[in-house]
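Work through the exercises below with the model in view. Each task is followed by a solution in steps.

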Amino acid sequence: MFASTLAALVLLVVTPPTGVSAVDRPNDGGRAIIVTWTRSPDPVTGYRILRQPEGGEAWDTVGFTGPRLASFVDEGTPDGVRSRYRVLALTDGEPAESEPSGYAVSTPQWFNTNYIPALVFTFVFGFLIIFFLRQAKRGAKLFMRRIAGLDAVEEALGRATEMGRPILYVPGLSSIDDVATIASINILGEVAKKTAKFGTPLIVPNRDPIVYTVARETVKQSYTEAGRPDAFHQDIVFFVTDQQFAYAAAVDGIMTREKPATNFLIGMFWAESLILAETGAMSGAVQIAGTDALSQLPFFITACDYTLIGEELYAASAYLSREPVLLGAIKGQDYSKALILVLIIVGTLLAVAFRAPVLELL
Amino acid sequence: MKRQLPLLIVLVVGIFAAAAFLIPHPIVRSVDEVFRNDVLRIIAAFSLVLGVGSILRHHFIKIKRKAAHWPFSYITIVALFISAIIGLLGGIDPNRPGILPTQVGGFSFHIQTLFSNIMVPLAATMFALLAFFMASAAYRAFRARNFEATLLLAAAFILMLGAVPLTRIVIPPLPDFAEWILAVPNTAAKRGIGFGVSLGIFATSLKILLGIERGWLGGGGS
């Protein structure tokens, strides 16, 4: 009887966690302390983490972890208050309490050192782009490869003019804070200059009210620059709805009713991309699409005559306007890409030569 | 001044937003949040007024000119006013009714009811069309007109076969090969495009910050 009671007691009393330490979480906005410990060698059901501020009496429970974990982030600690921690190993019987950690204090940081590589590459890419911008300003001749989708713009506009049919320009479904939308608005400016010159009707339906406002001003300015301010009217650019599929239905309706000779689907698209592109293909329009949404690219490539893939979308306004300064930026992009390519090749070779340790360094 | 002021605001706010990405301090992050959420929301509210004005003008012009299918414009205008009145006067929270009663007996015409029973099924119907469009697009894509189309056809054929459970018994290595196509060549191409897109976004942002690209200002202005 005595022996079995003693055995039960031995089983219930477990070794407490040891080596409890508390440090401020680095590179964060404060209010967080990382608590680590060495797990109890005995079977436990989990750990309870307690915090005591300096000068305080009570130990407050700040969280629990499972039995296999040996760290916890206290995300509710006040900044600037020194606190220490204890960890309790939980069992079916009495919990085993660790010794308290040293004091730690949480402070918000002014720089996230994890982003140093990103900052370095930002400066390198920025330098390359600005260097080629300056070269272009000085009149250096810059070669640019042909982009079939953009070469087709003139042809598509000419076709619409000959057929006496309008051109439909869909500037994507995203908001103005999406860079793809800004790139699309830049292309719209160039397209509008040409439609103004040829006297081709232009239709620009919008999903986002801010994009609508910017697109309207852009088209108005393009008509003025083309010397045809009289040809601009408020109804060229209009707002439809901010509902995704209601917008898709409205644009499909325009494609079916107005029978545009050319459809531009340029910007950010989601599930509606194929609905728009297929309706356009069925209506017999020449279609030029462009997006940086990787998941929508296959749909556009399948259903459209020309597709601007990824970066071509961002190069389009420079390509169409042929402004040397803008072309300089594209050259900078190309050299940045070449740099990335070299780094990938060097990294791969080093990884193959030295295996995993080099990968960890990179 | 009309051009200089927006350019200056973009330069200052743009550099601040980039810096806020690197600085986790709550003072910087809270100001960044104000720009991203509050300021953008205020601008969006003003733009929405312009948007509603645009819809009305567009449809009134269609009615006036008796353009193709102009009677539908009446439906749009009437629907816009009805939902605006119900939403504004009937309230948007079903638990906090507004001054307009939105329930007659068992019949509710609350704005949430209208949205759930009209807008949602209509949107789902449009989305459902995608299945048919996929079939027609696939038919177009799978005609082996040139080398690229043939390659696409072959890859798609292997992937489709790889997804069929019976293939694992009939041609055991095919599902793994299909998986490899997705994991290696497909991922490599996607990452390549991803690099180009990232650099394109970076260059465009830089051009906007430096005032070289001014399309967003409402036209050239260069």
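**Exercise 1.** What is the handedness of the crossing of H7(A) and H4(B)? Describe the contact as well.

*Solution.* The model is predicted, so local features need pLDDT of at least 70 and side-chain atom pairs count only at pLDDT 80 or more, while totals for chains, interfaces and linings use all residues. Residues are numbered from 1 along each chain as its sequence is written, chains are lettered from A and ligands numbered from 1 in the order in which they are written, and side-chain values use heavy atoms, with hydrogens and water left out.

Step 1. Helices (H or I, at least four residues) and strands (E, at least two) are DSSP runs, numbered from the N terminus. The crossing of H7(A) and H4(B) is left-handed, a term for a near helix turned anticlockwise from the far one by less than a right angle (clockwise would be right-handed).

Step 2. The two axes come within 9 Å and cross at roughly 55°. Axes are lines fitted to C-alpha atoms, for helices over the stretch in contact, and angles run from 0 to 180 degrees between N-to-C directions. H7(A) is therefore oblique to H4(B); angles under 35 degrees count as roughly parallel, over 145 as roughly antiparallel, 65 to 115 as roughly perpendicular and the rest as oblique.

Step 3. Contact means heavy atoms within 4.5 Å. H7(A) contributes residues including Leu274(A), Ile275(A) and Glu278(A), and H4(B) contributes residues including Phe127(B), Leu130(B) and Arg140(B).

Step 4. Sorted by class, this contact of H7(A) with H4(B) has 10 nonpolar, two polar and two charged residues. Ala, Val, Leu, Ile, Met, Phe, Trp, Tyr, Cys and Pro count as nonpolar, Asp, Glu, Lys and Arg as charged, and the others, Gly among them, as polar.

**Exercise 2.** Which residue forms a salt bridge with Arg82(A)? Locate both residues in chain A.

*Solution.* Step 1. Glu54(A) is the partner, the closest N and O atoms being 3.1 Å apart.

Step 1. Arg82(A) lies in the loop between strand E5 (71-74) and strand E6 (83-90), and Glu54(A) in the loop between strand E3 (46-53) and strand E4 (60-65), 28 residues apart.

Step 2. Arg82(A) is partly exposed at 40%, and Glu54(A) is partly exposed at 45%.

**Exercise 3.** How do H2(B) and H3(B) run relative to each other?

*Solution.* Step 1. The axes of helix H2 (residues 26-65) and helix H3 (residues 71-90) of chain B come within 9 Å and cross at roughly 150°.

Step 1. H2(B) and H3(B) are therefore roughly antiparallel.

Step 2. H2(B) passes H3(B) in a left-handed crossing. Among the residues that meet are Val52(B) and Ile55(B) in H2(B), and Ile77(B) and Leu80(B) in H3(B).

Note on methods. Salt bridge = Lys/Arg side-chain N within 4 Å of Asp/Glu carboxyl O. Buried < 20%, exposed > 50% of the residue type's maximum accessible area, 1.4 Å probe, protein only.
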